[in-house]
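Please look over the sequence and the structure below before reading on. The briefing that follows goes through the model topic by topic.

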Amino acid sequence: MLHYVSKRLLEMVPLLLFISGLIYLLLYLMPGDPLYSMLEDVPHLRPEDYERLRKLYGLDDPVYVQYWKWLWQVIQLNPGYSREYGQPAMDVILPALKNTLVLTVAAVIIGKSIAIALGIFSAIRQYSLWDYVLTVLTFIGYCIPGFWLALMMIILFAVKLGWFPTSGIISPDVVPGTWTATLDWIKHLILPIAVLAISEIIQVQRYMRSSLLEVLRQDYLTTARAKGLSERAVVGRHALKNALIPVVTIIAITMPRVIGGSTVVETVFGYPGIGRLLYVSIMGNDFVVAMTVVMLIALTVVAFNLLADILYGWLDPRIRYQD
Amino acid sequence: MARDKKDGGLNRREFIQTAGATAAGLFLSAWPSGKAPAAQVAEKRIVIVAQRRTAGFANHGRSDTEQTGLVDAGLAGQNPVTLERFPWLAEELPSIKKGTWKIDQKNKTMVTVYRLRSGLKWHDGKPFTSKDFQFGWEVHHHPEFPLRDRLVPDLIEKIETPDVRTIVIHWKALYNEAYAIQKQQLRAWPRHILEDAFRSGNIKALTKHPYWNQQFVGTGPYRLVDYGGGTQLELEANPYYVFGKPKIGRVTFRVIEDTNTSLSAILAGEVDLALRNTIAFDGAVILKEQWQTKGLGQVSLRPVSHTWVNLSGTNPLFKDVRVRRALLHAIDRNALVKNAFKGYVPVVHFPMSPYRKVFKKADAAATKYEYNPNRAQQLLAEAGWKPGADGVLANEKGERMEFEFRAEAGRRGEEQTQAIVIDYWKKIGAQCSVKNMPGRLLNSEEFRNRWPGAMVGGHNLVVEEWAERYHSAGTPTAENRYSTESVTHWNNAQADAIMDELNTIMPEQRAIQLQVEFAKLYTRDLPHLPMYYSPEILAIKKGLRGVTPRIESGGNNMNTWNMHAWDKT
């Protein structure tokens, strides 16, 4: 297993290099001019000023030189300086990443737990009233755009009822480091977590239901029932683990969202996370930040694929990796 | 049943425990931190929201005039309501009468003398002296410093500081704004913080110094407590501020990019002031009807800029001024603003704020193009354009009045205007095809500042910036990478001469005369087809007093210029 993991880790290096080169090129080819947006309100701007700034910011270098400069800095574990934020890139990325992780990890844990529970419930009560209700709700959920749901929740719970703040991460009038601040922070998190969790529930609940239904029809479960095991034992001890295998794949595929955040939800809730950061940096042609965030997401995709493969072995003893 | 441990791996229970502990650690590590402002709990506090993020408070990189104006001051400032300059850090503005502004017309050089107010201090309590201003010029003048606007630093020959309060500026050329240098043109930087970094010669490192944002120390009414990544500034009243400590003790300056989110925050009562179009026009109407009428606050819709339709300066279809006039006569702009903007927005005839002193005279001199489709058709016929069998205008050469019409995709007001104008033009036989693109694309070198047919856009009303917008010398070309803004291709020697003269030093009466003349020429030639004034939307919550919405946009005019005098009840 160790040899298998090491081999996969080594394979990741050229893959990530290829991804980084490709993404850098794509970002470079995107239309836009980072200087132009920076200079839009500057009166008396002369063409020579424009040329001088292009040179000073290294925007006149050919794309491969710019890419190499970026890569060299990344190798030295310093991705560079954000032109859009006026700070070292990691000083911008790390707080945003931390904020996003809190949001998405909570949403994933809550959402996926509820989804798995509801999926099991639907499967073991197939064609019951509750199964139909859940199916209808899921399809309604599929049809509702995330931003609209977020806005509706803001209007209902923040504007009309005043239970939660509309946006942001902390209220201005609380003293940081106190329990009031913690409570305030949790209040800020509830609505965005709820919106993200609902999306998680919708995505996973149907997979869990169909996967468990598939497993419940297997012969070995008929045997287990014939042996006199209770339905709870049949489902909990024998069916669930096998039913989880495809769900793990789905979860692994969606996990990069945990790092990548949700641009829409973060924008609507004015939440300073990585999704919004990525959007802003791409729109502002801030290659340093955009590239670092995209590479973080790429790394997560590759890492979670590896993790999923390892988890298969844990969930299904029949799967073994050859050294 | 827990899985047995194998090969030192985790069993399910351990896995869950570890995952739980990691999640809890992550949750706690993200606990918002900051400096505890225990002493300020009882202070008056306001929340301001804006849409534009800042990357700092310097004159290089991305910054915003409102945020910068809260934390820093200049030698002079500008009242955004009267547009008069006032001495800010300076005791008084240099004047020719008092001999503190000397002009050598023969050699085209000048000297201005600024005297600083006594007892000036930086936010950190260190004395602010004339040497700091001289140092600021040295930094801005350095060729490797990526300053956005080098006009003023480059016009200065040298700066002398005979004592800690006196700044003597020697100018290489004549400059009509030399008597009122504002912070975005040139300002002081704290030598006690930046001088070592500057003298080390590593200018690149200096431009990335945390001073410019996270550790900013200025002279403005508020000092920075927490930078909040530029999206949530925490500010506290500056006890050393030149006009006295502000009445409102704490300010939170939040950036909310989504207009719906801002609207919700205002309706929920979380915001005291929403600046500069943080809410969209539709949102402003909602606020007017549902919020202002209940006495919860006030919505200001000041016409600070204007929207135009431009007909390509390089397209031969529009060379004849009669065609441009006809196309303007064909649009019912009054109906347009009534329907699309519920009458909150007035029609514009030339690029000048209606609040300017000279406006009435200029307005009287300007030609007006009222809605008159018959006159439009008559003018088109005079220019050789007659409707063909399919109703589309054609001339003797067989050319048809068909052209592309661009707007920035996603800008609802402009797209709406485009649709309405197209409809009006169709009625007189002009056929347009829509080609809208996102701002990113419109601002790219490939597309910016030029279009083959028509384009709806807008800009500010600042008379002092007319030259950038209308002077033939600023025409965008391949040589200047289409970076200049005189998009109209207006080539009128008389207008150029007016703009040149307006940038020189002259008596007020002459300036008025020139501006009136410009309005006359503009409305005669129609370099743009002026549509309507564009409002700047401000939402001011009940209880906040002292806010004076600006009459013009532009970097010199801040809505927060007098924040030290604001109060909250």
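Which residue forms a salt bridge with B:Arg545? In this model, which is predicted, the partner of B:Arg545 is B:Asp567, and the closest N and O atoms of the two are 3.7 Å apart. The pair links distant parts of the chain, since B:Arg545 belongs to strand β20 (residues 544–545) of chain B and B:Asp567 to strand β21 (residues 567–568) of chain B, 22 residues apart. B:Arg545 counts as partly exposed, at 43% relative accessibility, whereas B:Asp567 counts as buried, at 13%.

**Other salt bridges**

- Over all chains, a search of the whole structure finds 45 salt bridges.
- One of them joins B:Arg250 to B:Glu234, with 4.0 Å between the closest N and O atoms; because B:Arg250 lies in strand β11 of chain B and B:Glu234 in strand β10 of chain B, this pair ties together parts that are 16 residues apart in sequence.
- Both B:Arg250 and B:Glu234 are buried.
- B:Arg250 and B:Glu234 also belong to one network, in which salt bridges that share partners join them with B:Arg45, B:Arg223 and B:Glu236.
- Another salt bridge brings together the side chains of B:Glu408 and B:Arg411, at 3.4 Å from N to O; B:Glu408 is partly exposed at 22% relative accessibility, and B:Arg411 is partly exposed with a relative accessible area of 41%.

**Where chain A and chain B meet**

- The contact between the chains draws 70 residues from chain B and 69 residues from chain A.
- The size of an interface is often given as the accessible area lost when the parts come together; here, chain B and chain A bury about 6,000 Å² between them, and 56% of that area is on carbon and sulfur atoms.
- Three salt bridges are counted between chain B and chain A, and in one of them the side chains of A:Glu51 and B:Arg481 meet at 2.6 Å, taken from N to O.
- Eight residue pairs are in polar contact across the interface of chain B and chain A, with both residues of each pair at pLDDT 80 or more.
- Several elements of chain B give two or more residues to the side that touches chain A, among them α1 (12–29), β1 (45–50), β10 (232–237), β11 (250–255) and α7 (259–267).
- When the residues on this side of chain B are sorted by class, 24 are nonpolar, 21 are polar and 25 are charged.

**B:Arg150 and its surroundings**

- B:Arg150 is found in the loop between α3 (130–141) and α4 of chain B, and with a relative accessible area of 5% this residue is buried, because the cut-off for that class is under 20%.
- The side chain of B:Arg150 reaches two backbone oxygens, that of B:His141 at 2.7 Å and that of B:His142 at 3.3 Å.
- Neighbours within four places in sequence being left aside, the contacts of B:Arg150 include A:Arg46, A:Asp49 and A:Arg52 in chain A, as well as B:His140, B:Pro143 and B:Phe145 in chain B.

**The sheet of chain B**

- Strands of a sheet pair through backbone hydrogen bonds, either parallel or antiparallel.
- In chain B, 10 strands form an open sheet with mixed pairing, and their order is β9-β10-β11-β1-β12-β19-β13-β18-β16-β17.
- The edges are taken by β9 (222–226) and β17 (431–434) of chain B, each of which has a single partner strand, so one side of each is left without a neighbour in the sheet.
- Strand β13 (residues 297–311) and strand β19 (residues 529–541) of chain B run antiparallel and are joined by 12 bridges, and B:Gly297 has B:Lys541 as its bridge partner in β19(B).

**Residues with positive phi**

- Most residues other than glycine have a negative phi.
- B:Leu83, however, has a positive phi, near 65 degrees; this residue is found in the loop between β2 (76–78) and β3 (85–87) of chain B and is buried, with a relative accessible area of 18%.
- B:His489 likewise has a positive phi, near 60 degrees; B:His489 lies in the loop between α15 (466–470) and α16 (493–502) of chain B and counts as partly exposed, at 28% relative accessibility.

**Chain A as a whole**

- Chain A contains 14 helices and two strands, and 51% of its 323 residues count as buried.
- Taken along the principal axes, the C-alpha atoms of chain A fill a box of roughly 85 × 60 × 40 Å.

Key: Residues are numbered from 1 along each chain as its sequence is written. Chains are lettered from A and ligands numbered from 1 in the order in which they are written. Side-chain values use heavy atoms; hydrogens and water are left out. Contact means heavy atoms within 4.5 Å. Buried area is the accessible area (1.4 Å probe) that two parts lose on being put together, summed over both. A polar contact is a pair of N or O atoms within 3.5 Å; within protein, one must be able to donate a hydrogen and the other to accept it, and residues adjacent in sequence count only if both atoms are side-chain atoms. Helices (H or I, at least four residues) and strands (E, at least two) are DSSP runs, numbered from the N terminus. Ala, Val, Leu, Ile, Met, Phe, Trp, Tyr, Cys and Pro count as nonpolar, Asp, Glu, Lys and Arg as charged, and the others, Gly among them, as polar. Buried means under 20% relative accessible area, exposed over 50%, partly exposed in between (1.4 Å probe, protein chains only). Two strands pair if DSSP finds at least two bridges between them.
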